[in-house]
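Good morning, and thank you for coming. Please keep the sequence and the structure in view while I take you through a few places in this protein.

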Amino acid sequence: MRFHIMTLFPDIFNSYMNESIMKRAVDKGSIEVYIYNIRDFSNNKHKKVDDYPFGGGAGMLMTPQPIYDAYMHIVNTHDIKNPRVIYLTPKGKVHSQEIAQEMSVCDDVILLCGHYEGIDQRIIDLIVTDEISIGDYVLTGGELPALILIDSISRLIPGVLSQNESFEEESFKDNLLEYPHYTRPREFMGMKVPDVLLSGNHKKIEQWRYDESVKVTKERRPDLYKKTCKK
Ligand code: ADE
């Protein structure tokens with residue numbers, strides 16, 4: 001799968017993509033990441049990429065020309081037929097495991113990171129297929145949200161996670177949050193690992209984990225609990 005990132009701050013991506021599981025995914029060829037500096041595509045002699053909003057108001061907007069040209073460069077260079085273009089914005093649909101799953105089967109995903117007060121609406125109308133938010137709060141730009149999307153999508157691509165990093169049993173599987181985990185030592189600061197986990201009885205362990213998942217989901221995410229356990 002290929003990720004194409006349009007941004008004004010390309011360096012933000014280099015450190016994250018060069019560590020841990022993301023780096024391994026790139027090295028293995030499971031994902032390819034291409035980063036484009038929108039400023040490089042500006043026709044303005046000072047490489048300007050922002051301007052005042054028509055109608056007045058606070059802040060600046062990203063102008064359409066450099067974004068459109070960057071987009072055309074990406075689709076032409078990589079011969080992308082039906083591009084999925086995601087604009088990261090607090091106005092978007094809230095990201096979820098389900099959206100990550102759905103996007104994990106795409107060949108190419110183009111991510112557009114906004115800055116300042118946002119981008120010219122005509123870019124959204126012309127090229128954007130999905131507007132995605134990572135939650136109900138406002139960040140200074142779309143770069144962190146883009147990384148979150150890339151991470152959540154990449155780990156679902158076959159071969160990216162190893163067997164013991166497997167996502168078989170994790171939060172949001174079946175709309176339940178994950179049960180608690182324990183490792184050695186058996187006692188830490190006077191706190192003991194629950195007996196059932198040391199019992200060797202796999203049926204009982206499975207039941208305990210399920211019960212704990214239901215308990216934590218009911219406490220913290222009544223919305224998920226209602227969806228899953230009150231059918
Ligand atoms: N840009 C600024 N805030 C954002 C958010 N919450 N989600 C996605 N993109 C954003």
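I begin with D79, which sits in the loop between α3 (64-77) and β5. Helices (H or I, at least four residues) and strands (E, at least two) are DSSP runs, numbered from the N terminus. Two remarks on the source are needed here. Residues are numbered from 1 along each chain as its sequence is written. This is a predicted model, in which local features need pLDDT of at least 70, side-chain atom pairs count only at pLDDT 80 or more, and totals for chains, interfaces and linings use all residues.

Most residues other than glycine have a negative phi, and most peptide bonds are trans. Is D79 buried or exposed? D79 is exposed, because 7 other C-beta atoms lie within 10 Å. On this scale, a residue is buried if 20 or more other C-beta atoms lie within 10 Å of its own, exposed if 12 or fewer, and partly exposed in between, with C-beta atoms placed from the backbone.

K47 also is not a glycine and has a positive phi, of about 60°. K47 belongs to the loop between β2 (32-37) and β3 (50-51). With 13 other C-beta atoms within 10 Å, K47 is partly exposed.

A further backbone feature is the peptide bond from R184 to P185, which is cis, with omega near 5°. P185 lies in the loop between α6 and β8 (187-188).

L176 is placed in the loop between α6 and β8 as well. L176 counts as buried because it has 24 C-beta neighbours inside 10 Å. Leaving out residues up to four places away in sequence, L176 touches S213, V214, T217 and T228; contact requires the C-beta atoms of two residues, placed from the backbone, to lie within 7 Å. By contrast, the C-alpha atoms of L176 and K28, 148 residues apart along the chain, are separated by 31 Å.

Let us turn to the overall layout. An automatic or database domain assignment supplies the domain bounds, and the protein is divided into domain 1 (2-154) and domain 2 (169-229). Taken over C-alpha atoms, the centres of the two domains are 37 Å apart.

Next comes the ligand. Which residues surround the ligand? They are L88, T89, P90, S133, I134, G135, Y137, V138, L139, G142 and P145. A residue is near a molecule or strand if its C-beta atom, placed from the backbone, lies within 6 Å of it. Strand β5 (residues 84-94) gives the largest share of this shell, three residues. By type, the shell divides into seven nonpolar, four polar and no charged residues. Here Ala, Val, Leu, Ile, Met, Phe, Trp, Tyr, Cys and Pro count as nonpolar, Asp, Glu, Lys and Arg as charged, and the others, Gly among them, as polar.

Y137 lies in the loop between β7 (130-133) and α6 (143-154), and V138 also has its place in the loop between β7 and α6. Y137 counts as exposed because it has 7 C-beta neighbours inside 10 Å. V138 is exposed, with 8 other C-beta atoms within 10 Å.
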